[in-house]
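Visitor: I would like to learn how to read the strands, helices and backbone angles of a structure such as this one. Could we go through some of them in turn?

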Amino acid sequence: MIDLHCHILPGIDDGAKDLDDSLALISAAINNGITHMVCTPHIQLGRFDNTIDTISTAFELLQQAVIAKDLNIKLAFAAEVRICPEIMVLAKQAKLPFIGQWQGKNVLLLELPHSHIPPGTELLIKWLHKNNIIAMIAHPERNRDILADYSKLKMLSRVNCLFQLTASSLIGDFGEGPLQVAEKMLSENLVTIIATDTHSVKRRPPKLAQGRVAVVNLVGEEKAQQLVFDNPHLISASKFI
Ligand SMILES: [Fe+2]
């Protein structure tokens, strides 16, 4: 399985604190059946001021440790970018890290605040699309606006964007609300990939295999394979050459 959303780089966001943490998360991911991971630390201006430079430095550190320990995992890096107006500037300056490509466009893993959908979100997504970037909304099933009113998700789905579900939402780790939204999205065929969004072995371990089983039970084996392998593979292929 291929995981396109995880926080395993050492010491640059609220995921792995250090290299030991990173390696423990990678071991957990391998045990969970994951073969490829695109590391996606937060870029959130004022809180996690990461750039392609800070991310690539942490990535190289981890990559060398993985090679030294001969761990059976392929790694690449991108970011999970919190929505803000500055994204347009970063896009123009070619400073946005992408998780890959989808139908000829670069894929931006875009995070909304958990509390709401900011005004202008749809306009930004449309602007990105005109600039050859397709937004993949990270874990919409955990957004409070969407939890309160599912039609907000339908509005987003009408602009050009993709959706990533968190695997552990599908087994109820985030409670009944996110579970129901996740199941509804699956039944309506609105999901592009599922991913771990893993942060820590204790608090939020990788549970892609468990999420996959939940998808099989809901919509069948073929769809599950599409969401944990086929689509992530299509998107990230250029990062694992
Ligand atoms: Fe995340």
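Visitor: Is strand E7 (residues 105-111) mostly covered or mostly open, and how many of its residues are buried?

Guide: A residue is called buried if 20 or more other C-beta atoms lie within 10 Å of its own, exposed if 12 or fewer, and partly exposed in between, with the C-beta atoms placed from the backbone. By that count five of the seven residues of E7 are buried, and the strand is mostly covered. Please keep in mind that this is a predicted model, in which local features need pLDDT of at least 70 and side-chain atom pairs count only at pLDDT 80 or more, while totals for chains, interfaces and linings use all residues. Residues are numbered from 1 along each chain as its sequence is written.

Visitor: Which strands does E7 pair with, and in which sense?

Guide: Strands of a sheet pair through backbone hydrogen bonds, either parallel or antiparallel. Here strands (E, at least two residues) and helices (H or I, at least four) are DSSP runs numbered from the N terminus, and two strands pair if DSSP finds at least two bridges between them. E7 pairs in the parallel sense with strand E5 (residues 80-82) over three bridges, where Glu80 has Leu109 as its bridge partner. With strand E8 (residues 133-138) E7 also runs parallel, joined by five bridges, and Asn106 stands opposite Ile133. The chain passes from E7 through helix H4 (residues 121-130) to E8 in a right-handed β-α-β crossover, meaning that, with the strands pointing away from the viewer, the path from the first strand over the helix to the second runs clockwise. Strand E6 (residues 100-102), by contrast, is antiparallel to E7 and joined to it by three bridges, with Trp102 partnered by Lys105. E6 and E7 form a hairpin with two residues between them, and Gln103 in the turn has a positive phi of about 50 degrees.

Visitor: Where else is phi positive in a residue other than glycine?

Guide: Asp70, in the loop between helix H2 and strand E4, has phi near 55 degrees, and Asp70 counts as exposed because 6 C-beta neighbours lie inside 10 Å. Ala94, found in the loop between helix H3 (86-92) and E6, also has phi near 55 degrees, and with 7 other C-beta atoms within 10 Å Ala94 is exposed.

Visitor: What is the strand order in the open sheet of three strands?

Guide: The order is E1-E2-E4, with parallel pairing, and the edge strands, each pairing on one side only, are E1 (2-3) and E4 (74-77). Four bridges join strand E2 (residues 36-39) to E4, and Met37 stands opposite Leu75.

Visitor: How do helices H8 and H9 pack?

Guide: Two packed helices are described by the angle between their axes and the distance between the axes. Axes are lines fitted to C-alpha atoms, for helices over the stretch in contact, and angles run from 0 to 180 degrees between N-to-C directions. Helix H8 (residues 208-219) and helix H9 (residues 221-236) pack at about 145 degrees, with axes 7 Å apart. Residues are in contact if their C-beta atoms, placed from the backbone, lie within 7 Å, and among those that meet are Leu208 and Val215 in H8 and Ala224 and Leu227 in H9.

Technical notes:
Contact = placed C-beta atoms within 7 Å.
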